[in-house]
Amino acid sequence: MYCISDQQIDFILADLHRKGIQIEGLQSNLLDHICILIEENLEEDGDFEQFYFTTIKTFYQQELREIEEEALFLLQFQHHLRFSRNQFFLLLFTIFIGPFIAGDLLWLINSVDSNGWNLPFEIWGATVVYSLFPLLILLVLFLTPERQDPLIPKKSTILLGIKPFIKIIPARA
Amino acid sequence: MTYSPELLKGTLKTIVLKLLTDNKRMYGYEMTQRVKELTLDKIQITEGALYPTLHALEADGLVKVEIEYIGKRVRKYYSLSPTGKAKAKEKLKELTNFVDTMISLLDLKPKLD
């Protein structure tokens, strides 16, 4: 069983800090976890630094700070509703345009009762235009190239809640 | 065979709460090993998923933390708070219902062996 020295503990702590782990509780947990892995798996005459750098790489996908970002994310946005980009636009249209289209259709149906299907062109025209308007916007949104869509990038996640009301998280590269 | 992280993501909080229900207090590494042991290596909790979850549970007051010094380093032992005990029951019930629903939705039959 490998025995970790105080200098090696300082080395790990400094590296965790340098790699973006600032929250003390997270640092303690990661330090203890790494120390146990080293003590249990490294030979007494093994290469500490090499083993450490190999082990720490297994903790993350791209950068170690992902762990801290995830912790902050869970804390800050745990009461927010999470939507995909498609769900978010669907929600927007349902809230803002849905009632208008529903009202327009109801009005159309009521007009049919009194006038039959022989309705003035303006009524049909308005219904068709207003019904297709959301579809047109959706087409523009989904066919716009990535570089021209900086506000809500494709594959991003949208969080709705209180403080902040809305948060857009772009997809990781 | 190990399960994909996506499949486990929504269940991690429940797993941690259940572990702490069955064990008086545990630390992070111990939890990962216990889960590996109980699931015959099929579920491997990653450090990147476990520690943010523990941090959030602590901030929510669902777990209590005791600190022990091991030489120069600190070991954080987690145990359930009274709120955490109630939450553990609630989450476990929810997950059980979810699994039952998935079994009926996917028309799966329990494997007998």
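## The interface between the chains

In this predicted model, chain B and chain A bury about 2100 Å² between them, and 59% of that area is on carbon and sulfur atoms. Three residues, Tyr29(B), Lys72(B) and Arg73(B), supply 33% of the area that chain B buries against chain A, which is more than any other three residues supply. The contact draws 20 residues from chain B and 25 residues from chain A.

On the side of chain B that touches chain A, the elements giving two or more residues are helix 3 (28–38), helix 4 (47–59) and strand 2 (73–80) of chain B. Helix 4 of chain B gives the most to this side, with eight residues. Sorted by class, the side of chain B that touches chain A has eight nonpolar residues, four polar residues and eight charged residues.

## Salt bridges and polar contacts

In another salt bridge the side chains of Asp32(A) and Arg75(B) meet, at 2.8 Å from N to O. Asp32(A) lies in helix 2 (residues 24–41) of chain A and Arg75(B) lies in strand 2 of chain B, so this pair joins two chains. Over all chains, a search of the whole structure finds 14 salt bridges. Between chain B and chain A, eight residue pairs are counted in polar contact, both residues being at pLDDT 80 or more.

## The sheet of chain A

Chain A holds an open sheet of three strands in the order 1-2-3, with antiparallel pairing. Strand 1 (81–84) and strand 3 of chain A stand at the edges, each with a single partner strand, so one side of each is left without a neighbour in the sheet. Neighbouring strands of this sheet are turned by 25° against each other on average, with direction ignored.

Strand 2 (residues 157–160) and strand 3 (residues 166–169) of chain A run antiparallel and are joined by four bridges, and Leu159(A) has Lys167(A), in strand 3 of chain A, as its bridge partner. The hairpin of these two strands has five residues between the strands, and in this hairpin Lys163(A) takes a positive phi near 50°. Helix 5 (residues 85–96) of chain A lies across strand 1, strand 2 and strand 3 of chain A, and runs at about 105° to strand 1 of chain A.

## The hairpin of chain B

In chain B, eight bridges join strand 1 (residues 63–70) to strand 2, and the two strands run antiparallel. Glu66(B) stands opposite Tyr77(B), which is in strand 2 of chain B. The hairpin of strand 1 and strand 2 of chain B has two residues between the strands, and here Gly71(B) takes a positive phi near 65°.

Methods. Residues are numbered from 1 along each chain as its sequence is written. Chains are lettered from A and ligands numbered from 1 in the order in which they are written. This is a predicted model: local features need pLDDT of at least 70, side-chain atom pairs count only at pLDDT 80 or more; totals for chains, interfaces and linings use all residues. Side-chain values use heavy atoms; hydrogens and water are left out. Contact means heavy atoms within 4.5 Å. Buried area is the accessible area (1.4 Å probe) that two parts lose on being put together, summed over both. A polar contact is a pair of N or O atoms within 3.5 Å; within protein, one must be able to donate a hydrogen and the other to accept it, and residues adjacent in sequence count only if both atoms are side-chain atoms. Ala, Val, Leu, Ile, Met, Phe, Trp, Tyr, Cys and Pro count as nonpolar, Asp, Glu, Lys and Arg as charged, and the others, Gly among them, as polar. Two strands pair if DSSP finds at least two bridges between them. Axes are lines fitted to C-alpha atoms, for helices over the stretch in contact, and angles run from 0 to 180 degrees between N-to-C directions. A salt bridge is a side-chain nitrogen of Lys or Arg within 4 Å of a carboxyl oxygen of Asp or Glu.
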